[in-house]
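Subject: Structure handover

Hello,

I am passing on the structure we spoke about. Please look through it first; my notes follow below.

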Amino acid sequence: MIAILGAGAMGRLWAASLPAHETAFVPRPGQTNTAPVHFHFQEVDGQSRQVTVSWLNAADTPALALVTTKAGDTLDAMEHLTNWLPASTPIVLFQNGLGSQQAVAERWADRPVLAATTTEGANRPTPDQVVHAGAGETWIGPLTDSADQKLYAVVARLSVSGLSIRPEQDILGRLWKKLVINAGINPFTALLDCPNGDMLSTDLYLSHIESLCTEIANLMNAVGRGPADPEKLRENIEAVARSTARNTSSMRSDVLSGKQTEIDYINGYLVRLGQSRGIATPVNQMLTEQVQQLSSGEQE
Ligand SMILES: NC(=O)c1ccc[n+]([C@@H]2O[C@H](COP(=O)([O-])OP(=O)(O)OC[C@H]3O[C@@H](n4cnc5c(N)ncnc54)[C@H](OP(=O)(O)O)[C@@H]3O)[C@@H](O)[C@H]2O)c1
């Protein structure tokens, strides 16, 4: 049995992709409605099927747990999850950005905690519909000592889904690479309310990207994730923005649907890291504050 904490787009993608009856969603504390969850799942090739997933019950002892909550919900949600899990059950964190993974790994340092980063894309246009919008790759790697020996078994277990899963020893390095791209695309597209490619020619982007990349490179060099070259970081950001030119970033999508964004774990994480290292991050701070204001409706 694989427990999935967070029955949103990503959690449902895994539930639909793993063998039927092998997964169960973790209920919230005090949840009374335990009727199975039914939803339509649209595959990448456009075919649709109905999926049914039960809720975990007290008699279940999951062999694996996937955590697919948003970064800001994860630490609290995990408190409840750990009551259900044997101490040896591997826990795989799927959050974007950085900060929440380290917080979980510190809080449960004795448990096998792994992190994943994925380029799979899933969305939920209506509550009972999930669209697998783009096939990608998922890398999984250990965050705590006891996770090391579980890595290959976890990858094998999840590979049954048919999704492409790979082991990655330096998962924090891979999360950092994704963080750079997210920090350079997400806030601009959310503030400008535009698809990824359209930000590249705007004043907001052009007047801040150089300083933003310098701030990120300074941080990466300070925490041993270098050597990082601001020019190269900018090239990487722009290559992804061009190759996903018509896509809507998750942050823009969250703002448009009135949901909490993950800015505190993307540019906000970089601001906190800068504060702890004495490195100035005024552009990251400005972007974080503006997106926070946008999603709290203060700019309306
Ligand atoms: N979707 C993608 O394509 C994709 C791709 C790469 C990475 N990711 C990352 O994966 C994570 C999840 O993304 P998502 O798109 O699946 O978000 P989402 O659709 O908002 O799903 C998160 C789910 O977690 C649930 N939740 C929140 N707190 C909970 C708690 N305490 N106990 C149980 N469930 C709880 C939410 O319930 P409510 O709806 O009731 O609040 C929601 O169903 C994010 O960090 C995201 O950046 C997503």
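How far apart do the C-alpha centres of domain 1 and domain 2 lie? In this predicted model, the distance between the two centres is 26 Å. Domain 1 covers 2-169, and domain 2 covers 173-295.

The two domains touch: 17 residues of domain 1 are in contact with 14 residues of domain 2. Between them an area of about 1400 Å² is buried, and carbon and sulfur atoms give 55% of that area. On the domain 1 side, Lys70, Asn96 and Leu98 lose the most area to domain 2, together 47% of what that side buries.

For residues 170-294, an unreviewed UniProt entry gives the feature "domain: Ketopantoate reductase C-terminal". This span is 70% helix and 0% strand, and its end C-alpha atoms lie 34 Å apart.

I also looked at strand S7, residues 113-118. Of its 6 residues, 6 are buried. In a regular strand the side chains alternate between the two faces of the sheet. In S7 both faces are covered, with Val113, Ala115 and Thr117 buried on one side and Leu114, Ala116 and Thr118 buried on the other.

S7 has these strand partners:

- Strand S6 (residues 91-93) runs parallel to S7 and is joined to it by 3 bridges; Ile91 has Val113 as its bridge partner.
- Strand S10 (residues 137-142) runs antiparallel to S7, with 5 bridges; here Ala116 stands opposite Ile140.

Together with helix H3 (residues 100-107), S6 and S7 form a right-handed β-α-β unit.

Regards

Note on methods:
Residues are numbered from 1 along each chain as its sequence is written. This is a predicted model: local features need pLDDT of at least 70, side-chain atom pairs count only at pLDDT 80 or more; totals for chains, interfaces and linings use all residues. Side-chain values use heavy atoms; hydrogens and water are left out. Buried means under 20% relative accessible area, exposed over 50%, partly exposed in between (1.4 Å probe, protein chains only). Helices (H or I, at least four residues) and strands (E, at least two) are DSSP runs, numbered from the N terminus. Two strands pair if DSSP finds at least two bridges between them. A crossover is right-handed if, with the strands pointing away from the viewer, the path from the first strand over the helix to the second runs clockwise. UniProt positions are given in the numbering used here, feature names are shortened, and annotations may be inferred rather than shown by experiment. Domain bounds come from an automatic or database domain assignment. Contact means heavy atoms within 4.5 Å. Buried area is the accessible area (1.4 Å probe) that two parts lose on being put together, summed over both.
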